[in-house]
Amino acid sequence: MGERDKGQDPSFPVLESHDQIVERLDRLEGPVIAKASDYVDGHVVPPHSHSRAQLIYAHAGVVTVSTELGRWMVPPGHALWVPAGVVHSVTAIGAVRMRSIYVMPGAVADLPEACRAVGLTDLMRSLILEAVKLPLGERLPARAALILALIQEEIPNLPERPLGLPMPATARLATLCRGFVEDPSLGAAIDDWADRAGMSRRSFTRLFRSETGLSLSAWRQQACIFAALPRLAGGEAVTNVALDLGYESAAAFSTMFKRMTGLVPSRYLD
């Protein structure tokens with residue numbers, strides 16, 4: 001089934017395949033373009049890449065974005081920066097209203113060269129929602145040009161959020177990590193992970209950090225946030241989610257959550 005496109009340009013049919021949409025986007029001119037798309041729960045956009053970098057904003061619902069290097073969670077009010085040429089797939093959790101900004105390489109200096117989850121300021125959120133109303137492929141009026149120019153200025157200022165889950169390249173470690181993502185729990189000790197990988201504790205910790213950029217403890221905390229967000233977005237009680245993940249109480253989970261994200265769970269999805 002094709003994607004239901006919410007863009008304004010009549011050159012985008014109401015319903016067309018994602019490959020067709022990617023091809024049309026790549027042909028458009030201008031340093032920055034914006035597009036809105038809605039997806040039903042469980043919809044999967046297959047692996048693809050763009051000639052432009054993409055800022056994926058979850059205006060409603062939650063999306064997960066997967067690449068060969070890891071997975072990222074994008075809850076409401078957040079966005080994911082995907083550099084040009086990076087192959088990625090997108091999965092909708094709940095009814096998703098996705099708003100994307102596409103940036104031509106070189107249009108903005110010092111942009112991230114790797115995927116990065118970011119929080120959106122009120123200004124950036126408003127700019128994106130205005131930008132997706134603009135016509136595509138036309139000479140833009142002064143106001144429209146200013147909106148897109150300001151978006152370019154704001155992208156480097158967006159605060160990074162710990163919603164990425166890098167995956168190690170070593171097969172033994174990747175297998176352990178995938179198993180944890182499927183059934184997250186804080187119960188397993190680092191020595192158990194090292195034994196299952198057939199490594200000493202020291203070798204395991206050194207290799208894990210070199211391949212993910214995180215300690216095992218930090219990685220597991222991010223994996224727990226990754227597992228918790230769709231459930232919280234679906235309205236589950238914080239206490240239930242916390243206990244299922246192995247935390248002794250909702251307060252302990254909330255403390256970890258706030259330390260990792262800057263907000264308690266009840267405020268994070270507002």
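Helix H9 has the buried residues Ala250, Phe253, Ser254, Met256, Phe257, Met260 and Thr261, where buried means under 20% relative accessible area, exposed over 50% and partly exposed in between, found with a 1.4 Å probe on protein chains only. These residues sit on the same side of H9, because they cover an arc of only 165° around the axis; the arc is that of the directions from the helix axis to the C-beta atoms. An α-helix has 3.6 residues a turn, so residues three or four places apart point the same way. The face of H9 turned away from the buried side carries the exposed residues Ala251 and Arg259.

This is a predicted model, in which local features need pLDDT of at least 70 and side-chain atom pairs count only at pLDDT 80 or more, while totals for chains, interfaces and linings use all residues. Residues are numbered from 1 along each chain as its sequence is written, and side-chain values use heavy atoms, with hydrogens and water left out. Helices (H or I, at least four residues) and strands (E, at least two) are DSSP runs, numbered from the N terminus.

Strand S7 covers residues 78-82, and five of its five residues are buried. His78, Leu80 and Val82 lie on one side, with Ala79 and Trp81 on the other. In a regular strand the side chains alternate between the two faces of the sheet.

Next come the partners of S7. Two strands pair if DSSP finds at least two bridges between them. Four bridges join S5 to S7 in an antiparallel arrangement, and Leu55 has Trp81 as its bridge partner in S7. S7 also pairs with strand S9 (residues 116-119), antiparallel, over four bridges; here Trp81 stands opposite Arg116. Strand S5 (residues 53-67) pairs with S8 as well, over 12 antiparallel bridges, and Leu55 has Ile101 as its bridge partner in S8.

The last topic is the nonpolar cores. A nonpolar core is a set of buried Ala, Val, Leu, Ile, Met, Phe, Trp, Tyr and Cys residues joined through side-chain atoms within 4.5 Å. The largest has 51 residues, and those with the most contacts inside it are Leu80, Trp193, Phe204, Phe208, Trp219 and Phe253. Helix H7 (residues 216-233) gives the largest share of this core, 10 residues. A second, separate core of 26 residues includes Ala53, Leu55, Ala79 and Ala144.
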